[in-house]
Amino acid sequence: LAPIILLSPGTTVLAQSTTVYVPRFSVLTERVTFPDSTQEGWRFWNIAVNVFNPTGERGTVATVGVYGPDGAIPVDSSCSQAFSVEAGSGRDFDGCPAMRDQVGVATLSLPASFIVTAEVERTLRKSWSDGNTPGPGQGYDLGEGRAPMPVFRELFPAGTRVLAGPVNLGSPRLPEAGGISIEKNLRRVNVTLFNAGDEPAVFTIRALKLRRDSTPILEQQVTLGPKQVQQLNRLPVPILVGDNDMKGGNAEYELFTWITVGATQPYLAYVSSVFDDPEPGALPFEVFSPHRID
């Protein structure tokens, strides 16, 4: 797992500090309607970051920088001010400044012995009229499940590649076997990129078959400016339904692909996938932490 390492417990909080990179986003995905016309709702993908201090001394965490599609985002004093984490306890990171409908990366400065976790959470925000005034009145947020996200302890060097997967593309041939369309469980593949360098970076993304063949079935390049973050949505991975080298898993009709990413500047990257039209009860979101391969 090379650079993708969760912070390991150390012996003392004060001995060493480090910088940790965590994903940042809050994205509205859909508006939800209910039989009761006075109720309305919205679903979001939100990032949840938590810190745990496993040592016997209090330690501090500070936001060093936040980066998004346009590069560095100003961090005012209220965001950069360090907060304390008591010995043997944890605390959530509130993600200041807020990021709405965009994907980013935050860098945190904290003791090297601290544990940091990140998760994507699907959240339903529901509200209803209070009966006295029009518009939303009372409401609440309901968490509908989480999946782990990568926490990076260091950047990938320029000129290196990382590998993610295998990524499940779904079961596009399933109706031929008597299944219904919704059971195809087709997924769209997203790749999130962060150019951590001070010069523009050219990223190269490739998709490979699950087995035997080293020839890419997709190659795509994208250029990002210094400190920019971009999520490539719906990577156009070919769906080769008749290719046995893409088939795998426990289900006969599932197809899989490996994704590799490289860049000409120091960088971070990870891969995620989301169901387009899932069967009820299916896991909606999958995240693939990268492994450095050269």
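Tutor: A strand is a DSSP run of E of at least two residues, a helix is a run of H or I of at least four, and both are numbered from the N terminus. Proline 74 lies in the loop between β4 (71-73) and α1 (77-80). The model is a predicted one.

Student: How many helices and strands does the protein chain have?

Tutor: The protein chain has 1 helix and 18 strands.

Student: Why does proline 74 count as exposed?

Tutor: Its relative accessibility is 72%. Exposed means over 50%, so proline 74 is put in that class.

Student: What makes isoleucine 239 partly exposed?

Tutor: Isoleucine 239 has 39% relative accessibility. Buried requires under 20% and exposed over 50%, so a value in between is called partly exposed. Isoleucine 239 is found in the loop between β14 and β15. Beyond four places in sequence, isoleucine 239 touches Leu169, Pro172 and Leu255.

Student: Why is aspartate 245 called buried?

Tutor: Aspartate 245 has a relative accessible area of 15%. The cut-off is under 20%, so aspartate 245 is buried. Aspartate 245 too lies in the loop between β14 (229-232) and β15 (255-263).

Student: What makes the pairing of the side chains of aspartate 245 and arginine 212 a polar contact?

Tutor: The two side chains are joined at 2.6 Å. Leaving out residues up to four places away, aspartate 245 touches Lys209, Leu210, Arg211 and Arg212.

Student: Why does asparagine 190 count as buried?

Tutor: Asparagine 190 has 2% relative accessibility, which is under 20%, so asparagine 190 is buried. This residue lies in strand β11 (residues 187-195). A polar atom of the asparagine 190 side chain lies 3.0 Å from the backbone nitrogen of arginine 234. Among the residues that asparagine 190 touches beyond four places in sequence are Gln231, Tyr270 and Val274.

Student: How many aromatic pairs are there?

Tutor: The count comes to 5 aromatic pairs. Phenylalanine 203 and tyrosine 267 form one of them, 5.8 Å centre to centre with 90° between the planes. Ring centres must lie within 6.5 Å, and planes over 60 degrees apart count as edge-to-face, so this pair is edge-to-face.

Student: Which parts of the chain does this pair link?

Tutor: Phenylalanine 203 is in strand β12 (residues 201-209) and tyrosine 267 is in strand β16 (residues 267-275), 64 residues apart. Both residues are buried. Ring pairs join Phe203 and Tyr267 with Phe152 and Phe156 in a cluster.

Student: Which residues touch the most other members of the largest nonpolar core?

Tutor: They are Met149, Leu193, Phe203, Ile205, Ile259 and Val261, in a core of 64 residues. Strand β16 gives the largest share of this core, 6 residues. In soluble globular proteins, nonpolar side chains tend to be buried together.

Student: What makes arginine 125 a charge over the ring of phenylalanine 44?

Tutor: The charged end of arginine 125 is 4.6 Å from the ring centre. The limit is 6 Å, within 35 degrees of the ring normal, so the distance meets the rule. Lysine 126 lies over the face of phenylalanine 34, again at 4.6 Å from the ring centre.

Student: Which value of phi does aspartate 101 have?

Tutor: Aspartate 101 has a positive phi of about 55° although it is not a glycine. Most residues other than glycine have a negative phi, and most peptide bonds are trans. Lysine 227 also has a positive phi, of about 65°. Aspartate 101 is exposed at 54%, whereas lysine 227 is buried at 19%.

Student: Where is the peptide bond that is cis?

Tutor: The bond from glycine 165 to proline 166 is cis, with omega near 0°. Proline 166 has its place in strand β10 (residues 161-170).

Student: What is the average pLDDT of the protein chain?

Tutor: The average is 85, and 86% of the residues score at least 70. Over residues 1-15, pLDDT stays under 50. As pLDDT is the predictor's confidence from 0 to 100, these values describe confidence in the prediction.

Technical notes: Residues numbered from 1 in each chain as written. Predicted model: local features only at pLDDT ≥ 70, side-chain atom pairs only at ≥ 80, totals over all residues. Heavy atoms only, no water. Phe/Tyr/Trp six-rings, centres within 6.5 Å; stacked < 30°, edge-to-face > 60°. Buried < 20%, exposed > 50% of the residue type's maximum accessible area, 1.4 Å probe, protein only. Core = buried A, V, L, I, M, F, W, Y, C linked by side-chain atoms within 4.5 Å. Polar contact = N/O pair within 3.5 Å; in protein donor to acceptor, adjacent residues only side chain to side chain. Contact = heavy atoms within 4.5 Å.
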